[in-house]
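Please keep the sequence and the coordinates at hand while reading.

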Amino acid sequence: IFTYINSIAYGNPQAGWDIYDAPKVNLYHIVAHNNGQSNFGGNILSYSETGFPDTYITIKNSILYKPRYAQFGSYTGRFPTVTSSNNIYVPAASDTNVFSEDPFGTRQTYISPPSWVSSTDKLGTAFDPGFVSIGTSFVANDYHLTGTGPTINAGSNLNSILGVTNDRDGVLRSNTPEIGMYEFGGVSPTPLPDTIRPAIISWDVQPRTITALTNRTVTISWNV
């Protein structure tokens with residue numbers, strides 16, 4: 001199982017997330033923008049080849065924004081099983097753009113999306129998320145929210161999932177969080193002083209798991 005939280009994928013030539021022959025992938029509070037080619041891939045590219053297990057994708061509280069081709073592109077083999085809720089999907093230009101290829105060889109639009117799109121998802125040009133700024137390069141983009149878009153208080157409560165309670169800036173999410181990587185209007189927590197931060201820990205090969213009692217970042221290194 002692969003889980004991505006508060007992650008961004010921008011400008012990748014094939015896909016923001018290239019998911020194939022993977023049993024299960026979770027995408028929570030992510031942003032995918034401007035990924036894919038003009039006629040292939042997109043913000044997500046996914047399929048399962050013959051002889052490999054089915055792929056399952058769960059995507060929640062995320063913004064998939066203006067892909068170069070599809071939001072969910074495919075290639076060959078079987079299209080994944082997708083669970084989608086409380087997401088915003090915005091096309092590059094028009095609601096008649098390709099939304100998905102489910103299954104490969106077919107095309108669905110934002111007007112006629114696949115059946116796995118839920119009633120809590122928002123599709124189309126009318127649902128621009130209201131980013132602070134969008135330019136022509138990654139450094140020109142600011143994916144914080146202006147507070148005027150359809151993202152505000154529109155997410156589902158995922159606080160039971162480890163790592164979801166805080167946004168990309170460390171701001172605590174509300175019980176009705178924003179869609180996307182950032183809460184609107186929150187205050188980032190004050191960093192802990194060095195004297196009470198977790199120490200940098202080194203070991204040989206074992207153990208492989210460590211828990212930080214302060215719930216902060218731990219830097220881990222080892223030699224094999």
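In this predicted model, the largest nonpolar core holds 21 residues, and Ile44 and Phe72 touch the most other members. Strand 3 (15-20), strand 4 (24-28) and strand 7 (56-60) each supply at least two residues of this core. Another core, of 13 residues, lies apart from it; Tyr10, Ile88, Phe131 and Ala154 are among its members. As a general background, nonpolar side chains in soluble globular proteins tend to be buried together.

Strand 6 covers residues 42-47, and six of its six residues are buried. On one side, strand 6 runs parallel to strand 3, with five bridges joining the two; here Ile44 is the bridge partner of Trp17. Strand 6 is also joined to strand 9 (residues 70-73), again in parallel, by three bridges. In that pairing Ile44 has Phe72 as its bridge partner.

Phe72 is buried because its relative accessible area is 1%, below the 20% limit. Leaving out residues up to four places away in sequence, Phe72 touches Ile44, Ile59, Leu64, Phe79, Val82, Tyr89, Phe99, Ser100, Glu101 and Trp116.

The aromatic rings give another view of the fold. The structure holds 15 aromatic pairs. In one of them, Tyr10 and Phe138 are tilted, at 5.7 Å centre to centre with 40° between the planes. This pair links distant parts of the chain, since Tyr10 is in strand 2 and Phe138 is in the loop between strand 15 (131-133) and strand 16 (142-145), 128 residues apart. Phe138 is partly exposed, with a relative accessible area of 44%.

The pair of Phe72 and Phe99 is also tilted, because the ring centres are 6.1 Å apart and the planes are at 45°. Phe72 lies in strand 9 and Phe99 in strand 12 (residues 98-100), so the pair ties together parts 27 residues apart in sequence. Phe99 is buried, with a relative accessible area of 0%.

Conventions. Residues are numbered from 1 along each chain as its sequence is written. This is a predicted model: local features need pLDDT of at least 70, side-chain atom pairs count only at pLDDT 80 or more; totals for chains, interfaces and linings use all residues. Side-chain values use heavy atoms; hydrogens and water are left out. A nonpolar core is a set of buried Ala, Val, Leu, Ile, Met, Phe, Trp, Tyr and Cys residues joined through side-chain atoms within 4.5 Å. Buried means under 20% relative accessible area, exposed over 50%, partly exposed in between (1.4 Å probe, protein chains only). Helices (H or I, at least four residues) and strands (E, at least two) are DSSP runs, numbered from the N terminus. Contact means heavy atoms within 4.5 Å. Two strands pair if DSSP finds at least two bridges between them. Rings of Phe, Tyr and Trp (its six-membered ring) pair if their centres lie within 6.5 Å; planes under 30 degrees apart count as stacked, over 60 as edge-to-face and the rest as tilted.
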